[in-house]
Amino acid sequence: MAASNMALGFAEASDAVCLALLARDLIEVGLGWGYRPNRIAALIHDPETVTLVARDRTRPVGFAVMRFGDERAHLILLAVQRAHQRRGLGREMIAWLLQSARVAGMTSIHVELRASNAPALSFYRAMDFSETFRVPGYYRGRETAVRMIRMFKMPNGHPS
């Protein structure tokens, strides 16, 4: 099923368990389960955070969580079920979040990901994110993180 057949919308409190399971099974593998249902529920209810859900009919198959600050946004989580990957769903969610960040006046979006996650690195590079640096031991002292950024405005105020 193509991404165009999916419905994007805001997460509801009833989505917390399903999104937490997606985070556990797709993002946090080998690290322990940090984004449990109560933590996801808190993100859903946080007024500074957008939790976007991609649904196949009524069932969540992907989600993204982004917190907005004064000038920058932080993409906290992004996951798409394996059966729905490589169909444009991640791109569609990122495009939605990028537009929201622009409208909100953000200068940049930041994200961290595992250095060992080559598909994610390729994905973010294709979405015009640039690597800023690596943080050894970022993930529970076990794995290096790659920090990436997508700029909207340069420090001099000109659009990128």
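**Contacts, cores and a helix face**

Author: Start with Ile-109. Not counting residues up to four places away in sequence, Ile-109 touches Met-66, Ala-73, Leu-75, Leu-97, Leu-98, Ala-101, Phe-129, Met-148, Ile-149, Arg-150 and Phe-152. The model is predicted.

Reader: What is the place of Ile-109 in the largest nonpolar core?

Author: That core has 30 residues, and Ile-109 is among those with the most contacts inside it, with Leu-75 and Tyr-124. At least two core residues each come from β2, β3, β4, α3, β5, α4 and β7. The largest share, six residues, is from α3. Another core, of 17 residues, lies apart from it; Ala-11, Leu-19, Val-53 and Ile-76 are among its members.

Reader: Which residues of helix α1 are called buried?

Author: In α1, residues 16-26, they are Ala-16, Leu-19, Ala-20, Leu-22 and Ala-23. Buried means under 20% relative accessible area, so each of them falls below that cut-off.

Reader: Why are they said to be on the same side of α1?

Author: Because they cover an arc of only 160 degrees around the axis. Their cover includes α2, β2 and β3.

Reader: What makes the pair Glu-143 and Ser-116 a polar contact?

Author: Their side chains are joined at 3.1 Å. The cut-off for a pair of N or O atoms is 3.5 Å, so 3.1 Å qualifies.

Reader: Where is Glu-143, and which residues does it touch?

Author: Glu-143 is in strand β7, residues 143-151. Beyond four places in sequence, Glu-143 touches Leu-31, Arg-114, Ser-116, Val-135, Pro-136, Gly-137 and Tyr-138.

Conventions:
Residues are numbered from 1 along each chain as its sequence is written. This is a predicted model: local features need pLDDT of at least 70, side-chain atom pairs count only at pLDDT 80 or more; totals for chains, interfaces and linings use all residues. Side-chain values use heavy atoms; hydrogens and water are left out. Helices (H or I, at least four residues) and strands (E, at least two) are DSSP runs, numbered from the N terminus. A polar contact is a pair of N or O atoms within 3.5 Å; within protein, one must be able to donate a hydrogen and the other to accept it, and residues adjacent in sequence count only if both atoms are side-chain atoms. Contact means heavy atoms within 4.5 Å. A nonpolar core is a set of buried Ala, Val, Leu, Ile, Met, Phe, Trp, Tyr and Cys residues joined through side-chain atoms within 4.5 Å. Buried means under 20% relative accessible area, exposed over 50%, partly exposed in between (1.4 Å probe, protein chains only). The arc is that of the directions from the helix axis to the C-beta atoms.
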